[in-house]
Amino acid sequence: MKKASLWQIIKEDFSVVSQKDPAIHSKFELLTNYPGVWALFWYRIANALHKKGLKLLARMIMGINQIFTGIDIHPAATIGRRVFIDHGIGLVIGETAVVEDDVLIYQQVTLGGVSLLKGKRHPTVKSGAVIGAGAKVLGNITVGKNAKIGANSVVVKDVPDDSTAVGIPAKIIVKGRDKSPLSHNKLPDINKEIFEYLVKRVAVLEHAILTGDKNILEKDKELDHIYEAFIKAMKD
């Protein structure tokens, strides 16, 4: 299979917007409303220069790009085809990060390192993954194929293929392929759920104390089932 040229890949970067963003109404909007596309454009050029040994020039290009787009991508990072950076402001992709094909990344995402040692120290994001707004994916870890990372999650461990992870630190809450787009408003709030459980348990105890209700054990058992299911989900 013939390898795609640099300009073919750049053309894909621009064309993928119409497939992944319903907000676009004309090609002219690409010029003014999509910093993520332009950041990838300049990254492609800088990456090609970096591979040819022109590392200083490549860093300069990406430095200027950062001023205009608010997106910081190291020219040595590896980014595949048809990657779409939606909005993108505040995005950081580190030197040894690997982003495979057809990945969707939202604004304020960090693909960062946790070590000062040389070598692979940034994440690998497999094809088809979706990284929600504000998520921090840190260290030499892998986000699996078609995985989804919830908004503002902090990921410090591998995420399996076809899984959804949310929270700080991120926990796997869904296993198995979910073909629907990442719906940030439908992801469970783990902290909210445990607080709701605690509030309900306190309410049961207060009711029993004030009324002398002898059915407290039955109500308490119902809450125990909720709690056990919650703990099991966290361990899984």
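The following dialogue concerns how to read a predicted model of one protein chain.

Biologist: How many helices and strands does the chain have?

Modeller: Helices (H or I, at least four residues) and strands (E, at least two) are DSSP runs, numbered from the N terminus. Here there are 6 helices and 15 strands.

Biologist: Which residues of helix α1 are buried?

Modeller: Buried means under 20% relative accessible area, exposed over 50%, and partly exposed in between (1.4 Å probe, protein chains only). In α1, residues 6-15, the buried ones are I9, I10, E12 and D13. They lie on the same side of α1 because they cover an arc of only 155° around the axis, taken from the directions from the helix axis to the C-beta atoms. The face turned away from that side carries exposed W7 and K11.

Biologist: What covers the buried residues of α1?

Modeller: Contact means heavy atoms within 4.5 Å. The cover includes α2 (17-20) and α3 (35-51).

Biologist: Is L54 buried or partly exposed?

Modeller: L54 has 43% relative accessibility, so it counts as partly exposed. This residue lies in the loop between α3 and α4 (55-69).

Definitions and conventions. Residues are numbered from 1 along each chain as its sequence is written. This is a predicted model: local features need pLDDT of at least 70, side-chain atom pairs count only at pLDDT 80 or more; totals for chains, interfaces and linings use all residues. Side-chain values use heavy atoms; hydrogens and water are left out.
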